[in-house]
Structure formats: C-alpha cells, structure tokens
Amino acid sequence: MTPSDAEDNRWSDLDRPPLNEASLRKTLLRDGGLWSSLDVVPVTGSTNSDLAARADELSEGAVLVAEEQSAARGRLDRRWSAPARSGLFFSVLLKPAGVPVERWGWLPLLTGVAVATGLSRVAGVDTALKWPNDLLVTVGDQERKAGGILAERAGSAAGGGIVIGVGLNVTLREDELPVPTAGSLALAGAQVTDRDPLLRSVLRSLEHWYVTWRDASGDPTSTRLQETYAAGCATLGRKVRAELPGDRSLAGEAVAVDADGRLILATKDGIQEPVGAGDIIHLRPAE
C-alpha cells in the first residue's frame, strides 16, 4: 500500500479512525516539555528506522507515529505486522547526554513502566511486564503479549542518542492476531480503545519517567524505577529459561532485577546468574 492509498482509505474501517495529529501536537508539545515534534504518517516501513536515520539532525523528544508499518521490527530483528490503525506504532528520540552510558540499558525497562502506567490510567486494563521488553495482558485465563519495545543506538556519538520504538495492539480481534499467544487491549477488556487518549497518556507517562530518571543521572534507585519495574514484572518469581547469545541457555528462577537492569536467575546449583541480554521463556511447572 502506498501512502496515498492509505490516506484515501483512512476512514475505511469506521471502528478505527485515524489519529488526530493536530490535537496530539496541541496537547503534547509545550514550552519546556520533553516532546519537541510530533508527526503522524499514514504508513512507513519502520518508525525506528526513520527516526534513526535523522537522529543527528533532530532534537531530543522527536516523536514519529505511523498508522501502519510495513517492515516493523522487534528484538532480534523479528518482523511483525498489524492492520492499519489497529494499534499504537511509534518511536521517540532521546538524548540522555548527562546519564552515564552504562545506565542507558534502563531505557527499554523505563519505557515499559511508562507504557504500563499510562495505559492503566486510561484503559483500565491490568498489564504486566515480561523482562526485558514485552507488555502482557490477560485474555480469559491466558497471559498474552500485547506490545513490545525496541531500543536502538542511533546517530553519531556527538549528536545521536537512543531511538525507542513501541508497538501496542489496541483493537486487534481474535481472527487478526498474528499468533495465538498475542493479545490486544480490546481482547483484555479495556474500557478505552480510542488511540488518541491512549497515546497522550503513554507519552505523558514516558515524559515523567524519563525526565525524572535523566535528571537523577539515570539512578534507578532514587527514582524508584528499579522498584516500580520489579513490582510490575511478571517474570519475577517464575521458572524461566534464558536463551542466550552463542546458542547457550540457562534455566532457573527469576529472583530479581539488579541495579543494571539485568535479570537475576537462581539456578538449581544455587548460583545467582545475571542475564543482560537474551530471550526469556516463562516455563510452566511441568517444564
């Protein structure tokens, strides 16, 4: 679908109206605030890729929202797609120059906290976080993934920063789900599925958490980020298997998230192993 086709068909699904770009700008762009620009495009390959390509020229706080993405990416370069206007697909550019680089790893976890907090205020739906970057909802008696977060370094060391992308299923119906383990806010019984107030709430929450963290030089303790993430993390207390780089795996109980944002696994040998990168699989008791 070309951008012109998407524009011509913007009202083709009356249950999924387009976002109101003018209203979003009016309410989110303000003097002294984090968000410096906000653009909504009908369709693009990847909002993360688009912002990353312009990271040096754009100011911190640039927001790019797509009604549809044709080449969206998740962690480990996984591809996914969703019907136009069925979710929130956006990226933001952050430049935490005053924060030590070793603390930048907290940004995807911070974004998870912000998204979950923003959604709970407006949608009235219980959400949980799966380490490190998935948003979970409950559909019936099943835990399903409704969203994901992808953080990438972008631009030069002098002018670039971090691009953080968020993909969130809002109104996807059961027959539209890409896999049976996926979910959406609508399927989880959200009280609100209007994407305009949802996006406003999420971006306001992200601004609050990010500015607080940035102004504290990225300290996850004094900002209560570490504590809040742990409280909402569905991975903690579970038996999990970590699929690690180099085709290695590690099984154990997830017992904590440390000051570096790593997941701590207690193995059957009584050793506590930190996991900084990898795929986490929640295991059933029989496994």
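A polar contact is a pair of N or O atoms within 3.5 Å; within protein, one atom must be able to donate a hydrogen and the other to accept it, and residues adjacent in sequence count only if both atoms are side-chain atoms. The structure is a predicted model, in which local features need pLDDT of at least 70 and side-chain atom pairs count only at pLDDT 80 or more, while totals for chains, interfaces and linings use all residues. Residues are numbered from 1 along each chain as its sequence is written, and side-chain values use heavy atoms, with hydrogens and water left out.

Asp258 is found in the loop between β11 (248-257) and β12 (263-266); helices (H or I, at least four residues) and strands (E, at least two) are DSSP runs, numbered from the N terminus. The side chain of Asp258 reaches the backbone nitrogen of Asp260 at 2.9 Å, and makes a polar contact of 2.8 Å with the side chain of Arg262. Asp258 has a relative accessibility of 14% and therefore counts as buried, a term that means under 20% relative accessible area, with exposed meaning over 50% and partly exposed in between (1.4 Å probe, protein chains only). Ser86 occupies the loop between β4 (79-80) and β5 (87-94). The side chain of Ser86 reaches the backbone oxygen of Pro83 at 2.6 Å, and Ser86 is buried at 0% relative accessibility.

The ring centres of Tyr210 and Trp213 are 6.0 Å apart and the planes lie at 40°, so the pair is tilted. Rings of Phe, Tyr and Trp (its six-membered ring) pair if their centres lie within 6.5 Å; planes under 30 degrees apart count as stacked, over 60 as edge-to-face and the rest as tilted. Both residues belong to helix α5 (residues 195-215), where they are three residues apart, about one turn of the helix. Tyr210 is buried, with a relative accessible area of 0%, and Trp213 is likewise buried, at 1%.

Trp213 is also among the residues with the most contacts inside the largest nonpolar core, together with Phe90, Val92, Trp131, Leu185 and Leu203. This core has 62 residues, a nonpolar core being a set of buried Ala, Val, Leu, Ile, Met, Phe, Trp, Tyr and Cys residues joined through side-chain atoms within 4.5 Å. Another core, of eight residues, lies apart from it and includes Ala55, Leu58, Leu64 and Leu93. Helix α5 also contains Ser201, which is buried at 8% relative accessible area. The C-alpha atoms of Ser201 and Thr117 are separated by 8.6 Å, although these residues are 84 residues apart along the chain.

One cavity of 30 Å³ or more was found in the whole structure. On a 1 Å grid over the protein atoms alone, a cavity is a set of points where a 1.4 Å probe fits but cannot get out, and lining residues have an atom within 4 Å of a point. Grid points are joined across faces, edges and corners, and a volume is the space filled by probe spheres set on the points. The largest cavity holds about 40 Å³ of space. Its lining includes Gly112, Asp134, Ile149 and Gly167. Gly167 is found in strand β9 and is buried, at 12% relative accessibility.

Key:
1 Å grid on protein atoms, 1.4 Å probe; cavity = no way out; pocket = protein on both sides within 12 Å on 5 of 7 lines; lining within 4 Å.
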